[in-house]
Amino acid sequence: MEFTRRKAALSVAAVMFAAMFTGCGSTSAAEKKEKLSIVCTDFSEYDWTRNIVGESGNTDITYLLSSGIDIHNYQPSVDDMMTISNCDMFIYVGGESESWVDDALKNSANKNMKVVKLFDTVRDQLKEEELKEGMEGEHEEHSHTESEPEYDEHVWLSVRNAQTICSIICDDLCELDAANADKYRSNLSAYSAELSSLDKAFRDMADNASTKTVLFGDRFPFRYLVDDYGIDYYAAFAGCSAESEASFETVAKLAGKLDDLKLDTVFIIENSDDSLARSIINNSKNKNAAVEKLNSLQSVTDSDIADGAAYISIMQDNLDTLKKVLD
């Protein structure tokens, strides 16, 4: 892990060194641009921003992870770095997986860039990663020191966090484009109402649920979501874990939890196979337990967007699945 981070940092430095030369003749092009350039690292940021912008033709929004690679595995290309360097607004999560951002911003061509770091906007709501009972421990070394807490990066999975972040994005957009500020604030008001309605629906689901625990045979990126509504969880791996194979001890403990809590479902996340979930079920007394999937919005592609994927619709699907399982 440490070697990978150092290698990534060197790659970023090399990209920026090259950009210093390739960008020398681009000043006139930058001066002529008429649209605001907004760059988002993940899908949630992208979708929030396009809802605030609305039908305005005054912005170009770039979604860097549109190929479907998740935030934990992404490293920027040369083109990505150049796009970030010259953009008017850059929105990113700010966790360990995006350590490359520091160099990108330090060497950016646009020194007046508005930067929205999700970790800063919801600083008081950040949660340290925890090793929950039955969870597989990490086998690799991390780049942070023991004195530095490792925060769960999946802050976008709290609808309440989404409301806070959208307000910050809107404020910065209004500063960049005062002429369209009223439109942005009107769009934010309408979108915030949808988020509030979704938050209430999650709250009602949890308040009326007969089961208050979810069990994942997978990574667990949903801690912000379940903590918002008082739902407990057990999982094979933490949300940012790089592990993919669980020990028999972990399988046995989770199978025991499935039995002890009389659960009838094991969850997985999008793009995961169900082999670990099936192993947990096969080692439990409830061989008829189901496998259900929740979407962590980490692998949304351009194709998904073309088919109508949106933050609220995906989170609504998650709500429907939780309601079906927990009722």
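Visitor: How many salt bridges does the count come to?

Guide: A salt bridge here is a side-chain nitrogen of Lys or Arg within 4 Å of a carboxyl oxygen of Asp or Glu. Keep in mind that this is a predicted model, where local features need pLDDT of at least 70, side-chain atom pairs count only at pLDDT 80 or more, and totals for chains, interfaces and linings use all residues. Residues are numbered from 1 along each chain as its sequence is written, and side-chain values use heavy atoms, with hydrogens and water left out. By the salt-bridge rule, the count comes to 18.

Visitor: Which residue forms a salt bridge with Lys127, and how far apart are the closest N and O atoms?

Guide: Lys127 sits in the loop between helix H6 (118-121) and helix H7 (159-176), while its partner lies in helix H9 (residues 223-228), so the pair ties together parts that are 100 residues apart in sequence. (Helices are DSSP runs of H or I, at least four residues, and strands are runs of E, at least two, numbered from the N terminus.) The partner is Asp227, and the closest N and O atoms are 3.2 Å apart.

Visitor: Is Arg223 buried or exposed?

Guide: Arg223 also meets Asp227 in a salt bridge, at 3.5 Å from N to O, and the two are 4 residues apart in helix H9, about one helical turn. Buried means under 20% relative accessible area, exposed over 50%, and partly exposed in between, using a 1.4 Å probe and protein chains only. Asp227 is partly exposed at 33%. Arg223 has a relative accessible area of 14%, so it counts as buried.

Visitor: Which residues are linked with Arg223 and Asp227 in a network of salt bridges?

Guide: Asp227 bridges to Lys127 and to Arg223. The network takes in both of those partners and Asp227 itself, along with one further residue. Besides Arg223 and Asp227, the linked residues are Lys127 and Glu130.

Visitor: How many aromatic pairs does a search of the whole structure find?

Guide: Rings of Phe, Tyr and Trp (its six-membered ring) pair if their centres lie within 6.5 Å; planes under 30 degrees apart are stacked, over 60 edge-to-face and the rest tilted. Searching the whole structure gives 13.

Visitor: What is the angle between the planes of Phe119 and Tyr151?

Guide: Phe119 is buried at 5%, whereas Tyr151 is partly exposed at 26%. Their ring centres are 6.2 Å apart, and the pair is edge-to-face, with the planes at 90°.
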